[in-house]
Amino acid sequence: MRNLFDMDRWSEMLSTLGKHKLRTGLTALGVVWGIFMLVVMMGAGKALENGAMYEFSKWNVKSLFVWTNRTTVPYKGLQAGRSVPLYMNDIQAINDRIEGIDLISPRLWLDAPAITHKGKEGAFSVRGETEALVNIEPVRVAEGRFISPRDLAEKRKVIVIGQRVKDVLFGENDPMGEYLLIKGVWFQVIGVAKSLRTGDDSREDDESVFMPITTMQYTYNLIDRVGWFVCTVKPELPSAEVQAKLVALLKERHKVAPEDQQAIGSFNLEQEFQNFQGIFTGIRFIVLFVSIGTLAAGIIGVGNITLITVRERYREIGVRKALGATNGSIVRMILAESVLLTAISGYIGLVAGIGVLALADQVLQQAGDSVMFFRQPEIDLGFAVVALCCLVLAGAFAGAIPARQAAAVHLAITLKDE
Amino acid sequence: MIELRDIRKSYRIGPRKLEVLKGIDLHIGKGEFVAIMGQSGSGKSTLLNVLGILDEYDSGLYELDGVPIRKLSAKQAARYRNAFIGFVFQSFNLLPFKNAMENVALPLYYQGIGRKERNQTAMQYLDKVGLADWSTHLPSELSGGQNQRVAIARALASKPKVILADEPTGALDSTTSKEIMGLFESLNDEGISVLIVTHEDDIAHRCKRLIRLKDGLIEADPALETQAGKHLR
């Protein structure tokens, strides 16, 4: 038996494939398309995942957001529909009594008052925050500094302005140290903040000004009041557990019925993150399932076309056998043709798919952060190699039935002249 | 060189058994030029298939160059076909996607001979049949007579013991037929055994020995008659 690396066999096979361009092309197309789709779909799935993970990476995943609404259940002689105000001592109590709280940042806001500077005016939301904000939300300081603990302690009249606020009120001028007038009070600009979020979400931050929450409480007659707050949970503790305890404590302090689902609202980012991870596990599974299906269709196509072409080639096979080809050599010929065809077309599909992903990546990079939830399409090279190996095996499998048929061809019948 | 003794062969068609060869006795010596004639259904194609190791026979004895051809594995059969027999078919059976030289070289490929030597040998035989200038042409670019010459060159390339030709002129006009027969004659003059199956009288009569088949039996064979004559005398 001649060995696998016999040059003659390869050149014989390549010339047979090369001389039947249409047949070869059509057979190859199924596999090219199959693996191309597999690569592109997996890449797209991965890009979705990367995109979502990138969005999450801007936040502290252990964040809990807590706010209050009106009560919906009467409790301890209090009617439903009562509003539940939050105070600084609530924040203190949470800090003291709830285990596992890392940072806690109470917040207040003024709804879009007019802000003026040297004749220019704009309506922006004004937020009372603590220094912890930049450690929790995707807001970073672009110029100057953010609110400091001393600003908070001394209730300084300083503000950090959003990027968009700077553009509107100052244009190209340096805002540092300038004074802004908000509801009849002057504040000095100490920094410019920039949102890390993408698209419309970033405008929410960029169109805000931030001042120490204590300053806001004392300046606008909101002493001790807290609008809502955000806190982070220590990494080793599950957020959901702390969330439950925290909500229970607030309900107890404000005489809210334990069964009241509305009065104390909260949002757990970790839970959302886990939900997303679950979704992506699902997406990965679906992509894999669909891709394998597409690929299987391609491989069955190869088998099918090989089967048909073997039928067309009965005479050729008969002639080869009459000239001394053994059954083994016919089987090897058909098998090797099918394997070679799937391997080469698989490789072409793989390269084309990776090419498309690379192109998409470049376009996405140029688009920058404006495209949300789609980022760095890529596939695992190891997976690609495994897929290609599977293809070679599948090619052998697809060729096996036709090859056996070809070998079983009865010579006297195939060579018979019509 | 070819020794057939009481060769029988039948086909099963549904519940019926159709006996095609009913006991063929035949001896063909080295260098003979033989024609086998017979009506359609006389069993001549089946006989040729048995001779060419393309089909098996049910009973009897077949020896080719002293080698018993009986119950061969597919692999052995392939090897014997390659070594002993050169086929020439009515419809040429050249591979349409290979040029003349590659077609002639094909049996040598199955002998495991390297490309260079293969192509050299193929060119020699193409030259022998007068087609050296056409070596790079595909069968579709050649005339019927030229295709048959390529097929004969291919049959010769493996240096077989015998050339088996099944209606070699069946697809050709009479002028070309004569040329092809001329080629067979000159090959026979060089000592190559040639066996032609035909139903055309003028083709058969150009051979040196004419065997007539009828209903699966040999009806007339000059060799037998001489033997019988000797016996009678």
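The structure is a predicted model, in which local features need pLDDT of at least 70 and side-chain atom pairs count only at pLDDT 80 or more, while totals for chains, interfaces and linings use all residues. Residues are numbered from 1 along each chain as its sequence is written, chains are lettered from A and ligands numbered from 1 in written order, and side-chain values use heavy atoms, without hydrogens and water. The predictor assigns the complex an ipTM of 0.89 and a pTM of 0.68.

**Interface between chains A and B**

- Contact, defined as heavy atoms within 4.5 Å, links 26 residues of chain A with 27 residues of chain B.
- The two chains bury about 2500 Å² between them, 55% of it on carbon and sulfur atoms; buried area is the accessible area (1.4 Å probe) that two parts lose on being put together, summed over both.
- Between chain A and chain B there are zero salt bridges, a salt bridge being a side-chain nitrogen of Lys or Arg within 4 Å of a carboxyl oxygen of Asp or Glu.
- Five residue pairs, both residues at pLDDT 80 or more, are in polar contact between the chains. A polar contact is a pair of N or O atoms within 3.5 Å; within protein, one must be able to donate a hydrogen and the other to accept it, and residues adjacent in sequence count only if both atoms are side-chain atoms.

**The side of chain A that touches chain B**

- The elements giving two or more residues to this side are α1 (7–19), α11 (314–322), α12 (327–367) and α14 (411–414) of chain A.
- α1(A) gives the most, with seven residues.
- The residues of this side comprise seven nonpolar, nine polar and ten charged. Nonpolar covers Ala, Val, Leu, Ile, Met, Phe, Trp, Tyr, Cys and Pro; charged covers Asp, Glu, Lys and Arg; the others, Gly among them, are polar.

**A:Thr326**

- A:Thr326 lies in the loop between α11 and α12 of chain A and is buried (under 20% relative accessible area, 1.4 Å probe, protein chains only), at a relative accessible area of 17%.
- Not counting residues up to four places away in sequence, A:Thr326 touches B:Lys75 and B:Ala78.

**Chain A overall**

- Chain A has 14 helices and 14 strands, taken as DSSP runs (helices H or I, at least four residues; strands E, at least two) numbered from the N terminus.
- Buried residues make up 47% of the 418 residues in chain A.

**Confidence in chain B**

- Chain B averages a pLDDT of 90, and 96% of the residues score at least 70; pLDDT is the predictor's confidence in each residue, from 0 to 100.

Technical notes:
Buried < 20%, exposed > 50% of the residue type's maximum accessible area, 1.4 Å probe, protein only.
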